[in-house]
Amino acid sequence: FAALFDDLAAAGVAAEPAVYHDDFADEVLAQLHGVQLVLVWCNPIEEGRRRDRLDALLREVAQRGALVSAHPDAVLRLGTKDVLFETRDLPFGSDVHRIESTAQLAAELPQRLRHGARVLKQHRGHSGIGVWRVEQADDGTLIVQHAQRGSTPQRMDLAGLSATLAPYFEPACGGHMIDQAWQPRLEEGMVRAYLVEDSLTGFGVQAVNALHPDMRTPGPRLYHGPELPEYQALRQQLESGWIALLAERVGLAREQLPLLWDCDFIPGNPATDGTQRFVLCEINVSSVSPFPPSTVAPLVEAVRRRVGMPSRSRA
């Protein structure tokens with residue numbers, strides 16, 4: 001975050017780091033007393049710990065009058081896999097179902113697998129944790145691949161899959177999973193659109209990710225500014241309508257959108273008129289890092305505006 005701190009300082013914003021851990025949460029709460037704005041980077045699950053204590057702290061800070069971004073309520077509405085189910089009928093949506101139990105999984109998944117592979121996603125996670133690709137082999141067994149780095153494909157029957165996924169149906173893990181149709185064009189890569197509020201500020205392009213059909217080691221994400229030519233159609237769709245549709249669907253006003261967030265898209269099958277489609281795969285709100293250098297200046301300007309400082313003049 002060095003470049004962000006440097007630009008905040010150059011813009012006249014006094015910023016200080018607050019390192020968080022549940023074990024000294026009260027110290028962090030005291031440090032945040034009296035601040036105007038808090039930018040948060042913390043994974044939803046980290047080394048077995050969840051964000052419950054942190055989210056309670058952030059709500060308390062917000063109630064005291066500080067702007068918290070992303071606010072825990074915005075994280076829950078945008079940053080869980082439920083957003084894929086809520087937006088399944090929007091232009092960037094896809095074939096998505098919500099599974100409430102292992103019994104429902106066993107009853108419904110076999111029929112869907114007859115039409116192709118599925119991706120089962122836990123309610124809330126990061127780094128591929130709790131994301132599973134499931135495909136039915138010719139002999140009727142299931143080929144199951146976890147998206148967490150270092151995982152290898154496994155063969156199992158439906159009972160084995162249900163046992164493997166059972167922990168995600170526990171209340172502490174959200175109590176349900178999201179079932180999304182596999183997008184065959186994933187082999188063409190994934191694009192991450194970085195956003196400051198409702199403006200696109202850059203792209204991250206990854207040619208090979210954890211569930212690549214060839215099971216190759218995930219490649220690096222390459223960062224670009226917002227003018228990357230091959231994704232201008234996606235930028236136009238996001239800024240001219242998709243973000244507004246998304247915010248309306250999940251019940252967030254523009255001023256409630258995170259100061260920094262991103263959306264992962266996979267190329268979808270072309271629309272009936274031949275135009276390129278992009279399918280939403282995930283939204284990241286809890287801990288958006290790293291991000292393109294082109295995002296820093298818009299983020300700093302958004303911070304200045306939110307705390308009531310005048311916009312910097314542009315040369």
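What covers the buried residues of α8? I found that the cover includes α4 (72-78), α5 (82-86), β11 (190-196), β12 (199-206), β14 (261-268) and β15 (277-284). I counted contact as heavy atoms within 4.5 Å. Helices (H or I, at least four residues) and strands (E, at least two) are DSSP runs, numbered from the N terminus.

This is a predicted model: local features need pLDDT of at least 70, side-chain atom pairs count only at pLDDT 80 or more, and totals for chains, interfaces and linings use all residues. Residues are numbered from 1 along each chain as its sequence is written, and side-chain values use heavy atoms, with hydrogens and water left out.

**Helix α8**

I listed buried residues (under 20% relative accessible area, 1.4 Å probe, protein chains only). Among them in α8 are Leu234, Leu238, Trp242 and Leu246. Arg235 is buried too. I then looked past the helix: glycine 251 follows α8 and has a positive phi, near 80°.

**The open sheet**

I traced 6 strands in the order β5-β10-β6-β7-β8-β9, with antiparallel pairing. Strands pair if DSSP finds at least two bridges between them. β5 (96-99) and β9 (154-156) are at the edges with a single partner strand each, so one side of each has no neighbour in the sheet.

I checked β8 (residues 142-146) against β9 and found 3 bridges joining these antiparallel strands. Valine 144 stands opposite glutamine 154 in β9.

Methods. Buried < 20%, exposed > 50% of the residue type's maximum accessible area, 1.4 Å probe, protein only.
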